[in-house]
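Here are some worked exercises on reading a structure from its atoms. Keep the viewer open and try each task before you read the solution.

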Amino acid sequence: MWALYKKEIRGFLTSVTGWVVLGIFLVVTGLFLWVLPSGMNIPEGGYANVNGLFQLAPFVFLFLIPAVTMHSFSDEISSGTMELLLTKPLSDTRIILSKYFAQFTLVLLALLPTLIYYFSVYQLAYPVGNVDSGGYWGSYIGLIFLAASFAAVGVFSSSLSGNQIISFLLAVVISAFLYLGFSFIGPFFGNNEYTIELLGISAHYQSISRGVIDTRDVLYFLSILTLFLYLTKFVLSRRKWSSKASAPGKKIKRQNQLQLLFFLVLLLVANWLASVFYTRIDLTSDKRFTLSSATRHLLEKMNHPAQFTVYLKGNFPAGFQRLERETKEMLEEFRAYNHRIRFTFVNPSASSNPKTRERMYQQLVSQGLNPTNLQVKTKSGLQQQLIFPGALVSYNGKSLPLSLLENQINVPPEEVLNHSVENLEYLFAEALYRLMQKQKPSVGWVQGQGELKGKEVADIRQTLGQEYHFTDTPLTNHSESTLLKKEKDSIVPAYQVLIVAKPTKKFTEQEKFALDQYLMYGGKILWFVDPVLASMDSIRSSRSEETVAIDRGLGIQELLFRYGIRLNKDLIMDLNATTIPVKTGEMGSQAQIKMLPWYYFPLVTPQSNNPIVRNLNSIQMQFVSSIDTLAVKGIRKTILLKSSPYTGIEDIPGIVSLAILRENPNTQFFRGPGKAVAVLLEGHFPSDYTNRVVSDILQPGIPFRNRSKPTTMIVVSDGDVLRNQLQIPGKTPLPLGYDQFNGTTYGNKQLVLNALSYLTEGPELLSLRSRELKLRMLDKTKVNNQLLKWQLINLLVPLLYLVVLTLIFVWIRKRKFGR
């Protein structure tokens, strides 16, 4: 076998064709990855990875490997040495394996110089070495499996004909069909599309080339290469039975056919077992393709097909290409755990007809997807491109729109896209969770204490009505609590979550007791409370453009104090504030309006890694008070939001006046530190009514509890977080968080939705928002200054490798045969 192996290697390297083939492979790969403008160009992409190599390699392999393997048996057949070879003291299996390993070795020799691409990206990364080495080597394993499979196809094709050209074309056609054919015919099989795609190489290569070693993919590649090597043996055995007498020849033929059939059945059974009992190893350093246990459990419960239609396809800049690729890879990861996951990528701008495109755009907007304008570099300069970075998810007759692109203020685009990628698992899992729910979670909106209502909270109430069983509720009804109910032999909360939305009237003792016992029985509360009375309406209606900030006297501060929260009677002023329109003078009869920062309206940028607020856009607040947390046994407290370090505190009662806008801020006053304005509390809460007489307010049939079941509450010291603006003119409600005066959309709405998700679903799914993926970029300065140098290195070093390999081979031949 060793002698035959060396003969095959020597035969390839002594031919000019062999060196030309290797040279063309390395030049073409180098040009696509480092020189030619394309989606695979590494310097253009700006990311520290070599994904382009693993995208390009399969298509280059379709021609490279057949060119390497086409002579393996064709030469023997055409030269008449095949019969002589078969008479050697070697079994057919050993002959085939000798030739196969020789061809596979030659392919590996061709791959070896591509390691220079990894070295180059390693050096160009910012900082140096900021690359995902584990994912890179995992992807190389996939490339090696692909090469091994194509090599087996090439050896088989070579055994069919004595003509090298025919062997080459057969190998190209068979390899292309195995790699691409099943993906093309899959859609014709309807619900079985994914099953058909799994018969092809492409689905398994794309899975393993991400750096995820799945035993199903490994066994598939081993099955492909052993199948074609066995078919090669079957072809060679035909020469033997055709040379036998009639009866013995037929017997040998029948035996070989039965063995082939048995072998095929064995492979099918092995792959079926592998699809049931499998394991996956994520080699990426961030474990980006490792789904959480909560997501896997959700996918196990999914018993209907789920269709993801992603409108993220087209000629995008590198960042959006990455988002498109990562979205596809995440959906493939979902599908790896449940074959009922289906997805398609659609380009909404594909039509050349402007009217058709416009109709498509309108349809997507009506379905809840918002467009984004991109500046795309073209040959004629920068052009505007409208894209819809979103998806529609359909499950069991219900659908839900998803925005795949995060919206964050003052965050670099690369980080926004990275945060968008980090949130993909959460977005998809959350959408499936909502669509799979048989009954919506119940949410009560407390009424009776002058809470926000009508148009000023129209947007958030409409959204909650779509996602929750959402109703208004008084705290008591004829002296009885409406917050608890009897269910069989137990007392349970009537609502999973209560929202207290900026109460303005004092709570009675009975109402406070109702809230306290609701919490004790495991109910959850989302508080939006303004302890201080101050409003812009009072300022604008005053000639002096000022108002007095006073205590609202709500009477619930004592209740919250018992739970570990103190709402301070003060107002936060912050240099990091929202701008408001202010009249600064008149020109003729025209008022002069300027946008000036109003320090009483702080812009709070989330800094916590808690999933409720992580990567949220800044939150717009109005007349917010500070919160202190107190040590209470059994309660865990997490500060969700804090004002900026440039914070000042104004005690009340105090004057709030627009006059401060005409003065330079006093830096000594705004010296911080930042103050808490939103806090999460979890655990067993003590009742505020322990050791107090409650007989006169105790509801018959509902025993008093002095300590709560495990439960959660969130306290936000600003009720206006829920308030949407009204369009001027017309008083039409605008989306919550949208500021019509500066055109910015803040994170208020997402904060409320995240908080409710946390309270109704628990932290498991929402914790996926805490996922972190390291941003790996190239050093732009180094790339711009040294581009030519690295292009030459990646084009010339692989060719120099071939020259050195040639010289070594010639020297060995001279040394051996020159004696």
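## Aromatic rings and their surroundings

**Exercise 1.** Decide whether Tyr140 is buried or exposed.

*Solution.* The relative accessibility of Tyr140 is 7%. Buried means under 20%, so Tyr140 counts as buried. Keep in mind that this is a predicted model.

**Exercise 2.** Describe the ring pairs of Phe119 with Trp790 and of Trp137 with Tyr140.

*Solution.* A pair of aromatic rings is described by the distance of the centres and the angle of the planes.

- Step 1: Let us begin with the total, which comes to 36 aromatic pairs.
- Step 2: For Phe119 and Trp790, the centres are 6.4 Å apart and the planes make an angle of 50°. Angles under 30 degrees count as stacked and angles over 60 as edge-to-face, so this pair is tilted.
- Step 3: Now place the two residues in the chain. Phe119 belongs to helix α8 (residues 115-124) and Trp790 to helix α26 (residues 780-817), so the pair links parts of the chain 671 residues apart.
- Step 4: Check the accessibility of each partner. Phe119 is partly exposed at 41%, whereas Trp790 is buried at 7%.
- Step 5: Trp137 and Tyr140 also form a tilted pair, with 6.1 Å between centres and 35° between planes. Both lie in helix α9 (residues 133-158), three residues apart, which is about one turn of the helix. Trp137 is partly exposed, with a relative accessibility of 41%.
- Step 6: Finally, look around that second pair. Trp137 and Tyr140 belong to one aromatic cluster with Phe54, Tyr118, Tyr122 and Tyr136.

**Exercise 3.** Which rings have the charged ends of Arg461 and Arg705 over them?

*Solution.* Take the two arginines in turn. The charged end of Arg461 sits over the ring of Trp445, 5.1 Å from its centre. For Arg705, the ring is that of Tyr521, and the distance to the centre is 5.5 Å.

**Exercise 4.** Work out how helices α15 and α19 cross, and which residues make the contact.

*Solution.* Start with the axes. Those of α15 (residues 293-301) and α19 (residues 424-436) come within 10 Å and cross at roughly 40°. The crossing is left-handed. On the α15 side, the contact is made by Thr295, Leu298, Leu299 and Lys301, and on the α19 side by Glu425, Ala429, Leu432, Tyr433 and Met436.

**Exercise 5.** Locate Ser442 and list its contacts beyond four places in sequence.

*Solution.* Ser442 lies in strand β10 (residues 442-447). At 14% relative accessible area, Ser442 is buried. Beyond four places in sequence, its contacts are His469, Ala494, Tyr495, Gln496 and Val497.

**Exercise 6.** Sketch the protein as a whole.

*Solution.* The secondary structure comes to 26 helices and 33 strands. Along its principal axes the C-alpha trace spans about 110 × 70 × 55 Å. Of the 819 residues, 51% count as buried. Among contacts between residues at least 6 apart in sequence, 75% join residues at least 24 apart.

Notes. Residues numbered from 1 in each chain as written. Predicted model: local features only at pLDDT ≥ 70, side-chain atom pairs only at ≥ 80, totals over all residues. Heavy atoms only, no water. Phe/Tyr/Trp six-rings, centres within 6.5 Å; stacked < 30°, edge-to-face > 60°. Helix = DSSP H or I, 4+ residues; strand = E, 2+ residues; numbered from the N terminus. Buried < 20%, exposed > 50% of the residue type's maximum accessible area, 1.4 Å probe, protein only. Lys NZ or Arg CZ within 6 Å of the ring centre and 35° of its normal. Axes fitted to C-alpha atoms, helices over the stretch in contact; angles between N-to-C directions. Left-handed = near helix turned anticlockwise from the far one by under 90°. Contact = heavy atoms within 4.5 Å.
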